[in-house]
Every structure is written in structure tokens, then in C-alpha cells.
Amino acid sequence: MVSKIAKWMAEHPSSIREIMSLVAEYKKHPEKFPRELIYLAGGWPQDMPPGILINKLKEVITSEDLIRMSASYSPTIGYPDLLEAIVQYEKEVFSRSVEPEEIVFGLGSSEQTGALFISLLDPGDELILTAPGYLNYERQARLELLGNVNIRYWRVIKDGVFSPDLDELQSLITKKTKAVVITTPGNPDGQVWTDEIIDGLSDLAEEKDFYILIDVAYRAFIFYEKPKYFSRKRREKEIYICTLSKELRIPGWRASYVLLPYDLARYLNTIEQARTLAPCSLVQTTLIKLFNDKNALSEVKKFYEEGTKKYEKAAKLTVDYLSRIPQLKILEPQGGFYVFFDVSYYEKSSRKLCNELLQKYQVALTPGIDFNGFEGWIRLSFAPVVESQEKLIEGLERMIKFFEEKRR
Ligand SMILES: Cc1ncc(COP(=O)(O)O)c(C=O)c1O
């Protein structure tokens, strides 16, 4: 016997995790596949973390005092020294002024988003997600509220154009709306939300009394001038979700923090006491060393600037190749790891198209249907091949052949 929610989760597995099983299968039995699998589905960076971070980790593990600190439990929301150090990181790297009291450190943003849902929503409340939008929020919200949440979708791409409309959002808001979640730069769409729309959203949130969860997982990968909300002071109803997984290339370390109102920080603390007890102290001790060192922070900043150029180059190359395929409608990315495009001319079912491409040409992409039901579109992630342009080109050339065959 298992619970209803356990059954629901099993019936709605994360498609990214499913694709990862395929990669594991390929690694174990490459002979079963006619050619090398080109994996353009997962959104995690494959390049190395900055050298300075590794040096700091080495310093920690060779100091008896620091090993002692990193082997013990920290306070639930992170060591006070870490919260102070994050203030420096925000200031030096993102030019944002934050107070330690508005920071809660945690074990990755997936975990922290779940805790935020618990702190903001009662059973039966409403949550607004974007369509398309990051695929895990819905599963997380349903899990945390044991299925008892109403989710409404705000369609932010219309006629192939990214155009979030606040009037449309307003029509979705009811007295039960507690939060709106957005991602900028977007996953799966690579779009950077403008100041105008974020400020309008914040005005609306203040007027109607709901929170905006702004997931900035890809903030260190913006190809053009960054809008001001990445550096200005946090407004009353804004909660910034800042994972270190992507920017520091450490998804396996499980490290993130949220910037939120003081009173909410206190609630998150007591919720996390029962969920995680504490984040990882070894990671925290390393980050304290990194973020408290001004020279190290300028190295990190340089690492981000160079990284952005590398990712932008891969994004441009991808768009350039995909543009050679007639009838694909491509949303040009402004940041992040992804190119999102409309394949509905060829096939209405994005899952069917992805399966066909995988079977015939061994290129793995992610169907749009998994991003809050955005059917007819597909996401290509260049992150797994950002270090090997040849592999990216090989994958894109296979795609060109695949669509050529489909046109015949
Ligand atoms: C928008 C977005 N938020 C959060 C996450 C997960 O972050 P974390 O590793 O901090 O759990 C991802 C991972 O792909 C993501 O794309």
C-alpha cells in the first residue's frame, strides 16, 4: 500500500530523470546503439567549476579546524558567516545589496522551492506557473501540498513570440492565488524577462498580495546587458531563488540560497528544521572561504564572463544550424543553456518527434509537452556539449537529415 500522492508521482515521473536512465544505459551498453548517442537533453553544465573554488576546497580539507567545522551540523539556514559572505558575493559579482537576514541557505533550489511552497500555500490555494515553464515546479507543488493545489498556467509565448502579458496574468489571479513562479533566463525558452514586466509584476503582487518566485538559476549566463532587477534591491513581494548549481558548475554539491522577506526567512527556518535539519557544512565552509576573499570573487566574476561567451557561442551555433531547417520556428535565446523551437509543422506531438529522433538518429532532446504542457515545441540543451563543438555540430547535422527525411 502506498499513498495517493506516491502513486501520482510515479505516474508523473520527471522526464529529465528518465532521459538520464537512457544515458546510463548507453554508457553501459554502447553496442546496443547504432551510433554514438548525442545527448542534448539535460540542463546541467559539463565544464569544470572555477579553479579558485577547488583551491578553497583543498584549503578546507587540509585544515584540521576547518575539517572540524565542516564535519559538524550548521544552523538550519546556514552558518551566519556564510550568510555574511553571500552578502559579499551578491555585492561583488552581481552588484546587489542584500541583508544577511533576508538570506536562507539550502540544499539546492529544488529543495528550497518545495519549502517555499509549504510556507506560502494552504491546501486548496492557487499557484500560477508559466507555460512553458520549468518542469519540476508542478510536481514539487503537488507533492508538498499532497495534491491539494490548483495550478493555473500563464501562457508567455504566443504566436512564436515571447510576450508575457500582465493583463492576462491579472485575469488568472483570484483571492486564493498565493504565488507566481517565473524563471529568467527561462528554462526551456532562454528568454530574459524585462525590467518593465518584472516591475509590473511586482506592482501587481503588492496590490493583490501574492509572492513572485523569481528563479534566476541562469543569471550568470545572460548574453546581453542584464536588466536591473538582477542587481537592484529586492522588492517587498519578490523572492529570488539563487542556485549555485549552474553558475559555479556544482549541481552535485547541492547548494543554493533564497533572498526573501525577513519574516518568511523565519518560517523557512522552522520548516527546514523538520525537512533537512541543515545544509552541507563542507560546502558551506568552502563557500565562506571563497566569498570572503575579494580576489577570489573577481576571479569568479571573470569566470562567469568567460563562461557566458562560451555558452553564447554554443547558442548562436545551434540557432545557426537549426535555421537551416525549413519551417522550424526558433525562439532566439537571450541567455541560459537552451534553444526552444516550434516543430508543429512536422509533428504535433513533441514526445513522438523526440522519440523518433532518438530511435533514428540517436539525438536526445526534451519534448515541450513536459514544460507545463507546451505542445508542438522542443527544447535543445547545448550545456552537455558546450566543451565539444564537434559533438554539437554532429547532433545538429543529424537533426538536419532527420527533418529532411520528414519533409519527403
Ligand atoms: C530553472 C531551474 N531551477 C532549478 C533547477 C534545479 O536547481 P538545483 O540544482 O538548485 O536544485 C533547475 C535545473 O535544471 C532549473 O533549470
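Two strands pair if DSSP finds at least two bridges between them. Helices (H or I, at least four residues) and strands (E, at least two) are DSSP runs, numbered from the N terminus. In this predicted model, local features need pLDDT of at least 70 and side-chain atom pairs count only at pLDDT 80 or more, while totals for chains, interfaces and linings use all residues. Residue numbers start from 1 along each chain as its sequence is written.

**Sheet**

Strand 2 and strand 10 (residues 256–259) run antiparallel and are joined by four bridges. Ile 103 has Leu 259 in strand 10 as its bridge partner. The open sheet has seven strands in the order 2-10-9-8-7-3-4, with mixed pairing. Its edges are strand 2 (103–106) and strand 4 (150–155), each of which pairs on one side only. From one strand to the next, the twist averages 20° (axes are lines fitted to C-alpha atoms; angles run from 0 to 180 degrees between N-to-C directions).

**Domains**

An automatic or database domain assignment supplies the domain bounds. Domain 1 covers 4–48 + 299–407, and domain 2 covers 51–293. Their centres, taken over C-alpha atoms, are separated by 25 Å. The contact (C-beta atoms, placed from the backbone, within 7 Å) takes 40 residues from domain 1 and 38 residues from domain 2. The elements below give two or more residues to the side of domain 1 that touches domain 2.

| Element | Residues |
|---|---|
| Helix 1 | 4–11 |
| Helix 12 | 294–322 |
| Strand 11 | 329–331 |
| Strand 12 | 338–342 |
| Strand 15 | 377–381 |

Helix 12 gives the largest share of this side, nine residues. By class, the side of domain 1 that touches domain 2 has 19 nonpolar, 12 polar and nine charged residues. Here Ala, Val, Leu, Ile, Met, Phe, Trp, Tyr, Cys and Pro count as nonpolar, Asp, Glu, Lys and Arg as charged, and the others, Gly among them, as polar.

**Helix 11**

In helix 11 (residues 281–291), 10 of the 11 residues are buried (20 or more other C-beta atoms within 10 Å of the residue's own, C-beta atoms being placed from the backbone). Among them are Val 283, Leu 287, Lys 289 and Phe 291. The cover over the buried residues of helix 11 includes helix 3 (51–61), helix 4 (64–70), helix 5 (80–94), strand 2 and helix 12.

Definitions and conventions. Two residues are in contact if their C-beta atoms, placed from the backbone, lie within 7 Å. A residue is buried if 20 or more other C-beta atoms lie within 10 Å of its own, exposed if 12 or fewer, and partly exposed in between; C-beta atoms are placed from the backbone.
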